[in-house]
Amino acid sequence: MTVHPSLQNYADAWTHAVESIAELVQPLVEGAWNRATPCPGWSVRDIVSHVIGMECEMLGDPRPIHSLPRDLYHVQSDFARYMEMQVDVRRHHTSPEMTAELEYTLIRRARQLRNESRSPDTLVRAPLGAEQTLELAYRMRAFDTWVHEQDLRVALGRPGNLDSPGAYVARDCLLQALPKAVAKDAGAPPNSAVVFDVSGPMEFLRTVRVDADGRGSVDGSPSLGPLVTFATDWETFYRLTCGRVRPAAVADRIKVDGDTEMAEAILRVIAVTP
């Protein structure tokens, strides 16, 4: 147990997801590490490198001094460059090197979690030199690790854990980001509502409401006259909102009722992860 119960849920979700990742990659032969994943530009090795790198940053380790190649097409922003550093520095590591570093990093992180005595509102390092609260850092590591676990499962043909503790954290993170996507990015009109009806291992109905001032919010109450209703399954929902698949590729798995133009505008901006 951590000292603060508000961190425990995230610690448990992260532990479940990261141990699943370790179990998935432990038996991989060398060639399997190069398989492409749904995460744009990243292989299995790259995903594991990213996980190792971010956990090292949670431990306070210094970032590697490394120059990125100029031909990485998927690196289009400062945020992407920041994330790519921990990945590219490990691009030529062998399978034993990867699994050994992952195991060692997870041992260190587990010890850190057991001994955690900081308050949830303690400010800690965030990407690009910013700061975030410890609670947000825990939450984002649980979310990020679960999504990357799913990337690996897709790449390796090992589906599972769509209803694990990390899935619940991911659901809440993704829903929290939807109001901005609907109200600001897609431009849903004031005093409108957009409903997301999601089925499968993670089942929920949420309404994004746009108030008279154009601000969005989300709640669990149904809307009597929504502008748009999306019905889809949880796997499709998370893949869309995490930018793992384009709407056109899963059109047969999304049922849309209502304003088709607004529905298309929302689907264009529904990928809410950086």
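Figure 1. At 48% relative accessibility, Leu-128 counts as partly exposed, a class that lies between buried (under 20% relative accessible area) and exposed (over 50%), with a 1.4 Å probe and protein chains only. The model is predicted: local features need pLDDT of at least 70, side-chain atom pairs count only at pLDDT 80 or more, and totals for chains, interfaces and linings use all residues. Residues are numbered from 1 along each chain as its sequence is written, and side-chain values use heavy atoms, with hydrogens and water left out. Leu-128 is found between β1 (123–125) and β2 (131–133); helices (H or I, at least four residues) and strands (E, at least two) are DSSP runs numbered from the N terminus. Although Leu-128 is not a glycine, its phi is positive, at about 65 degrees.

Figure 2. Asn-161, a residue other than glycine, has a positive phi near 60 degrees.

**Figure 3. The aromatic pair of Phe-204 and Phe-237.** Rings of Phe, Tyr and Trp (its six-membered ring) pair if their centres lie within 6.5 Å; planes under 30 degrees apart count as stacked, over 60 as edge-to-face and the rest as tilted. Phe-204 and Phe-237 are edge-to-face, with 5.6 Å centre to centre and 80 degrees between the planes. Phe-204 belongs to strand β4 (residues 204–210) and Phe-237 to helix α7 (residues 234–241), so the pair ties together parts that are 33 residues apart in sequence. Both Phe-204 and Phe-237 are buried.

Figure 4. The rings of Trp-234 and Tyr-238 are tilted, at 6.1 Å centre to centre and 50 degrees between the planes. Trp-234 is buried, as is Tyr-238.

**Figure 5. The aromatic cluster and its setting in the protein chain.** One aromatic cluster is formed by Trp-146, Phe-196, Phe-204, Phe-230, Trp-234, Phe-237 and Tyr-238. The structure holds eight aromatic pairs. Eight helices and seven strands make up the secondary structure of the protein chain, and 49% of its 274 residues count as buried. Among contacts (heavy atoms within 4.5 Å) with a separation of 6 or more, 65% join residues 24 or more positions apart.
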